[in-house]
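Trainee: I'd like to take a close look at one part of this protein with you. Could you walk me through it slowly?

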Amino acid sequence: MKFTLAQEDPQSKARAGLVETDHGKIETPIFMPVGTAGTVKAVHQRELKEDIQAQIILGNTYHLYLRPGLDILEKAGGLHKFNGWDRPILTDSGGYQVFSLAGTRKIKEEGVTFKSHIDGSKHNFTPENVMDIQRTIGADIIMAFDECTPYPCEYGYARKSMEMTHRWLKRCTERFDSTEGKYGYNQTLFPIVQGSVYKDLRKQSAEFIAEQGREGNAIGGLSVGEPAEMMYEMTEIVTDLLPRDKPRYLMGVGTPANILECIALGVDMFDCVMPTRNARNGMLFTSEGIINIRNEKWKDDFTPIDPAIGNYASSFYSKAYLRHLTISKEILAAQIASIHNLAFYLWLVKEARNHILAGDFASWKTQMVKKVSTRL
C-alpha cells in the first residue's frame, strides 16, 4: 500500500491524500460504508459504485468468521469474489466485539473467548488467528487485534488494556509478517491506538504505534459514549504524534459534524454504521441539515430529498413519497434512505477534499458543521 499526501490546509490540520492498493485508489479524506456481513445493508454493489461512489467498504471479521464461514470465503476466492466488490476492502479485527459483546466473552492474555450470538458455540480469537482469518477473508487493509475499552473506564483498567493491546500488536505483526496473502494481491496491517480518554495513555499509545512503522495507523476506543469534545481532544493528541506520511483512520466515527471536525484534526479515513442504521429508522442527513422523514411536515413536500448531492435516489424521489414508504414500512424506504445517506456522506468528504485542495477548508467547515447539525 502506498500513501501520497497531496495538500495540507493552511488554517487547520486537514489533509488531502491518495491511498493506493492492489484493488484501486482511495482519495482521502474518505468515508467507508460498513458492510458488516459482506453487504452494506439494503444496497447493491452497483449502487455503491455508481450512485454512492464508495471507494472502499468494510467487512466485519467476527461476523464473517461465523457466517458464511472461512471455508466458504476461501472457496469463493475471498470476500471480493464472494460479494462481487472489486474495489478495496478493510476488515476490522473483532476488537470492537470485545467491547460490544462484553456479556458473552472472556479476555485473557492469550486472546478472547466468544460465545456466538447465533448458536451459543464458543470460539477463541487470538492475535495470531485473527491475522489468519483476515488473510482468508482477503481484505486489502486488515486491523490488528485489540481491546476497545468502554466509556467510562477506570484509569487502571485503561492502562492495563492498552498495554495488552500493545503486546497483542507485537504478536499480530509477527504472524502477519511471516504469512502471505492467499489470493495473489497485497494486504497491509494497521495497528490501533488505544488509551481511553486519558491524555498520557493516548500519548504513550500513539508513540508506541508510530514506532511500529506500519503503512497506516488507526485510532480506536473513541465514539463509545464519551462527549464529542473529549473525542476531539484525544484525536488531536494522537494525530499530532502519528506519522505525517501515513494515513490515519478514526474507527467508528461518526456524525457528519464529527467527521468534519476530525478531518480538521488530521484524520484521513472514517467508518460508521450511522448512515445506514439511521436511514432504516427514517433519519436522513442532507446538505441543509437533518430530516426525520416520519414527521408530518414532509407529508406533502414534493421536492427531491436533496438534489445538491447529485445522486439518483436523492434527486429522483420526493420527501413526500419517501415518507409514505417509511410510514407504510415498505422495504424500498430503507433502500432509498440508505443510498441517499451514504451518497451524502461520500459527497461530504469529497467536498471537504475539494476545499482542502482549494485552500479554504477551515472557513467552509465552520459553515458546514452548523448546517449539517441543524434539525429541519
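In which loop does Gln 53 lie?

Mentor: Happy to! Keep in mind that this is a predicted model. Gln 53 sits in the loop that runs between helix H1 (45-51) and S5, and S5 is the strand covering 57-59. The backbone of Gln 53 has a positive phi of about 65°, although this residue is not a glycine. Its relative accessible area is 43%, so Gln 53 counts as partly exposed.

You will find Ser 223 in the loop between strand S13 (217-219) and helix H9 (228-239), partly exposed with a relative accessible area of 31%.

Now for a buried loop residue. Ser 116, in the loop between strand S8 (112-115) and strand S9 (122-125), has a relative accessible area of 7%, under the 20% limit, and is therefore called buried. A polar atom of the Ser 116 side chain lies 2.9 Å from the backbone nitrogen of Ile 118. Leaving aside residues up to four places away in sequence, Ser 116 touches Tyr 62, Leu 66, Ser 121 and His 123.

Two other loops hold cis peptide bonds. One joins Thr 28 and Pro 29, with omega at about 5°, and Pro 29 lies in the loop between strand S3 (24-28) and strand S4 (30-32). Another joins Arg 67 and Pro 68, with omega at about 10°; Pro 68 belongs to the loop between helix H2 (61-66) and helix H3 (70-76).

Let's go back to S5, which leads us to the largest pocket. S5, helix H5 (95-100) and helix H11 (274-280) each supply at least two residues of the pocket's lining, and H11 gives the most, with 5 residues. The space in this pocket is about 770 Å³. Its lining has 37 residues, and Val 34, Tyr 96, Gly 252, Asp 271 and Val 273 lie nearest the centre. By class, that lining has 12 nonpolar, 19 polar and 6 charged residues.

Helix H7 (residues 155-177) gives the most to the cavity's lining, with 3 residues. Among the lining residues are Phe 145, His 166, Leu 169 and Ile 209, and the classes here are 6 nonpolar, 2 polar and 1 charged.

How values were computed
Residues are numbered from 1 along each chain as its sequence is written. This is a predicted model: local features need pLDDT of at least 70, side-chain atom pairs count only at pLDDT 80 or more; totals for chains, interfaces and linings use all residues. Side-chain values use heavy atoms; hydrogens and water are left out. On a 1 Å grid over the protein atoms alone, a cavity is a set of points where a 1.4 Å probe fits but cannot get out, and a pocket is an open set with protein on both sides within 12 Å along at least five of seven lines; lining residues have an atom within 4 Å of a point. Grid points are joined across faces, edges and corners, and a volume is the space filled by probe spheres set on the points. Helices (H or I, at least four residues) and strands (E, at least two) are DSSP runs, numbered from the N terminus. Ala, Val, Leu, Ile, Met, Phe, Trp, Tyr, Cys and Pro count as nonpolar, Asp, Glu, Lys and Arg as charged, and the others, Gly among them, as polar. Buried means under 20% relative accessible area, exposed over 50%, partly exposed in between (1.4 Å probe, protein chains only). A polar contact is a pair of N or O atoms within 3.5 Å; within protein, one must be able to donate a hydrogen and the other to accept it, and residues adjacent in sequence count only if both atoms are side-chain atoms. Contact means heavy atoms within 4.5 Å.
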